[in-house]
Amino acid sequence: MKEVVRKSKYGNPRIRQQQRRALAVKMLKLFLAAGAGAMICFFFHFLRVNSMPGEPADGAVAAAKEYTDSITLRAISSCSLEEEAAAKLKHLNFASEKGEIIITNLESVLTEEDLEKESKDAVKASPKQVELLHKGGINAVNIANSHSKGYGEEGYLDTVHHLTKSGITSFGYDRVTVKEVRGIKIAFTGIDAADGIPGSREAIKKNILAGRNMDAQLVILCINWGADNTEEQQRELGHAAIEEGADLVLGYHSEDLQEIENYKGKYIAYSLDHIRETETLEQTFIFQKGELESCSEAKIINRSAVQS
């Protein structure tokens, strides 16, 4: 019987190598397909578990927080840093409220120089007294008022120097200062309206524009009215400030108006010097994606009642 010997096609080494490669490619495709399917199932399961109806996913919450923020501003009456007058600062307890703005109108000249008085109302204090502002938590100071240049330009510049050195934001006259709080740029400006309404209105317009040109998202204006401005003039200037772009107007040294007025959705506190030592004006500003979206009512609160 004739033996027939068949040569199997698998006996060829080249063919065997090609088929092994084809098998490996096929298995790799199956593995990748199975892996992709598992990943897709895991992804949809994660979304289902972490995004229950009415509850945004954690990522959405984080994104919302990133684009929404609030800043609370508090303002107290004018203060001086001479030994006796500074006693009123000892009741303050804002130091623990980090990240917020605590503002006042400083009526003392901070200098160690023996300067000549240029105003009968001039008051001088040791630069060391700045520590009282720190202890009280005050971090922003207006120095455009009837006392700030009582020892001349040198005394004023000394005051600016010592406040800046201590880390306290100061502003006034043509010095517009921008302070960044949690990514929000706030412009602070102050004027002394005792020089007259026309010049004051022009100064306000110029300073607010300067703040906006520094990318400020919020503009706070302090006005020292002076003793000669009438109620009508104060209201005129306060309204003009809002129309020029101020987001809050803080008035000092007013003997007439004492109200807090809502004008076109923005607030004007005409005389913070009439509030008590334990009281402060408070207002919260809400920002959405870096833009001012809304604000709370500006109102006077009793700090002693809050702290008790």
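Visitor: What should I know before I start?
Guide: This is a predicted model in which local features need pLDDT of at least 70 and side-chain atom pairs count only at pLDDT 80 or more, while totals for chains, interfaces and linings use all residues. Residues are numbered from 1 along each chain as its sequence is written, and side-chain values use heavy atoms, with hydrogens and water left out.

Visitor: How many salt bridges are there?
Guide: The count comes to 11 salt bridges, a salt bridge being a side-chain nitrogen of Lys or Arg within 4 Å of a carboxyl oxygen of Asp or Glu.

Visitor: Which residue pairs with R235?
Guide: R235 meets E259 in a salt bridge, at 3.0 Å from N to O. This pair links distant parts of the chain, 24 residues apart: R235 is in helix 6, and E259 is in the loop between strand 10 (248-252) and strand 11 (260-263). Helices (H or I, at least four residues) and strands (E, at least two) are DSSP runs, numbered from the N terminus.

Visitor: And which residues make up the network there?
Guide: E231, R235, E259 and E261 are linked in a network of salt bridges.

Visitor: Which residue forms a salt bridge with E243?
Guide: The partner of E243 is R201, with the closest N and O atoms 3.8 Å apart. E243 lies in helix 6 and R201 in helix 5 (residues 197-213), so this pair ties together parts that are 42 residues apart in sequence.

Visitor: Moving on, how many aromatic pairs are there?
Guide: The count is 3 aromatic pairs. Rings of Phe, Tyr and Trp (its six-membered ring) pair if their centres lie within 6.5 Å; planes under 30 degrees apart count as stacked, over 60 as edge-to-face and the rest as tilted. One of the pairs is W225 with Y270, which is stacked, at 5.9 Å centre to centre and 25° between the planes.

Visitor: Is W225 buried or exposed?
Guide: W225 counts as buried because its relative accessibility is 0%. Y270 is also buried, with a relative accessible area of 0%. Buried means under 20% relative accessible area, exposed over 50%, and partly exposed in between (1.4 Å probe, protein chains only).

Visitor: Where is D114?
Guide: D114 lies in the loop between strand 3 (109-110) and strand 4 (124-125). At 77% relative accessibility, D114 counts as exposed.
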